[in-house]
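Okay, thanks for coming, everyone. Let me put the structure up and then walk you through a few spots in it.

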Amino acid sequence: MDSHTGRKLKYFLIPLLLIVLAVLLLRQDAEAHLRAAAVLERVSDPNAQGPIADFSRQPLREENGSALVADGTMPFRLYIPEGGARNGAIVLLHGVHHLAIDDPRLINLSRALAGAGVEVMTPELKDLADYRITLRTVDRIGASAVILSTRVNERVGVIGLSFAGSLSLIAAAQPEYANKIGFVLAVGGYEDMARVARFYTANIETAPDGRKIHAQAHEYGALLLAYAHLEDFFSAHDVPVVREALRRWLWEDPQAMKTAAALSPEGKKTLDLLLHHRDELQRDFLTEIAQRQADMAAISPRGKLGGLKTDVYLLHGASDNIVPPAETLWLERDVPKQDLKGVLISQALTHVNAGNGEPFTEKWKLVHFFAGVLEDADRLSEQKAGH
């Protein structure tokens, strides 16, 4: 769902217009599949019209709100379907991005879901908005599920994008939140943060069967790794300056390097290596991973999912170079088998963005997978939340 989402998803959905209709007429679960295809098309183009885009379309309204949670005030936005049946409620979580709930990609997906009858809440996860992955976010996710569940008086689904997907799984395994969360969909999530950090350092993806897969990691990952603990790379004097410079660099602000002018000569050298010659910092990164092993374990789902009592769906882009797809294979092993409802590593996705030009079978798998998620949301509407 990047800036090219519209064009990509048009390639994705145009071949489906007639084929999906013909296939689904033969299926008992045709409605969920048509709704899934409609949501995907409306994500690509909020003004799309046609037999798929207009299926089960509802008007909606948007409301801004806030709640007091453990670490302060949490803004959120609600997308509320009107004029038709409500088909469940979902907490939709942004990934690591400074726009947070104002990210146009998140807004488009929220509106598309609400237009299909799903009430959506998008809470601001302030640490992820500041490019930090922390346990505080787990509590924000859990609190969001409680708020939405109380509002609609039923268990709710949680869809977490990227790093938020893994933190959602940890939240769902917490006893204080478990009876509010009916399912979790983790899109592009990770199982072990330290293993992902090693991927950023060495460009080697490790699969559960022991295979070592060489793949070029996106530069974004190493920057996140350094940004989390800048004090391990820069002097105390340089840390505040480099934090602002690197934050602006991650925001793609063209003025970012003007901020870096206040760095010491050594700080400027390290920042240049970090941005342009990360291979020369490989030993420093490996030392960082070893020193921060406990911190990374704390924010990893690994070893924390045995107590899950909710449906789980795992979705990953086959060409993901931010969180490697093998991480979903590791998660698949961790989730209790009776709770695992769907796993898909899709050629039709990259990280959390739709791809382009894949075979129809890959596109159909994605529609089918998402239809299962929407059916789960429907089922939650037939149950009352535990209080």
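So, at what angle do helix α3 and helix α4 pack, and how far apart are their axes? Before I answer, please keep in mind that this is a predicted model. As a bit of background, a pair of packed helices is described by the angle between the axes and by the distance between them. Here, α3, residues 30-44, and α4, residues 104-115, pack at about 145°, and their axes are 8 Å apart. The crossing of α3 and α4 is right-handed. On the α3 side, the contact is made by V39, R42 and V43. On the α4 side, you want to look at N108, L109, A112, L113 and G115. Sorted by class, the residues of this α3 and α4 contact come out as five nonpolar, two polar and one charged.

Let me zoom out for a second. The protein chain has 17 helices and ten strands. Of its 387 residues, 57% are buried. And if you take contacts between residues at least 6 apart in sequence, 73% of them join residues at least 24 apart.

Here's one place where the chain meets itself again. E82 sits in the loop between β2, residues 72-81, and β3, residues 89-93. What does E82 touch, leaving out residues up to four places away in sequence? That would be Q58, P59, L60 and R61. Take P59 from that list: 23 residues separate it from E82 along the chain, yet their C-alpha atoms are 5.4 Å apart. E82 has a relative accessibility of 31%, so it counts as partly exposed.

Next, helix α7, residues 163-172.

Now step back to S162, which lies in the loop between β5, residues 156-161, and α7. Most residues other than glycine have a negative phi. S162, which is not a glycine, has a positive phi, near 60°. Is S162 buried or exposed? It's buried, because its relative accessible area is 6%, and the cut-off for buried is under 20%.

There's another positive phi to look at, in E252, again not a glycine, at about 65°. You'll find E252 in the loop between α11, residues 239-250, and α12, residues 256-259. Its relative accessibility is 71%, so E252 counts as exposed.

Last stop, the second largest pocket. Its volume is about 340 Å³. There are 17 residues lining this pocket, and the closest to its centre are I133, T134, A228, H229 and I299. Which helix gives the most to the lining? That's α10, with four residues. At least two lining residues come from each of α9 (193-202), α10 (219-228) and α15 (293-298). By class, the lining has eleven nonpolar residues, three polar ones and three charged ones.

Key. Residues numbered from 1 in each chain as written. Predicted model: local features only at pLDDT ≥ 70, side-chain atom pairs only at ≥ 80, totals over all residues. Heavy atoms only, no water. 1 Å grid on protein atoms, 1.4 Å probe; cavity = no way out; pocket = protein on both sides within 12 Å on 5 of 7 lines; lining within 4 Å. Points joined across faces, edges and corners; volume = space filled by probe spheres on them. Nonpolar A, V, L, I, M, F, W, Y, C, P; charged D, E, K, R; others polar. Axes fitted to C-alpha atoms, helices over the stretch in contact; angles between N-to-C directions. Left-handed = near helix turned anticlockwise from the far one by under 90°. Contact = heavy atoms within 4.5 Å. Buried < 20%, exposed > 50% of the residue type's maximum accessible area, 1.4 Å probe, protein only.
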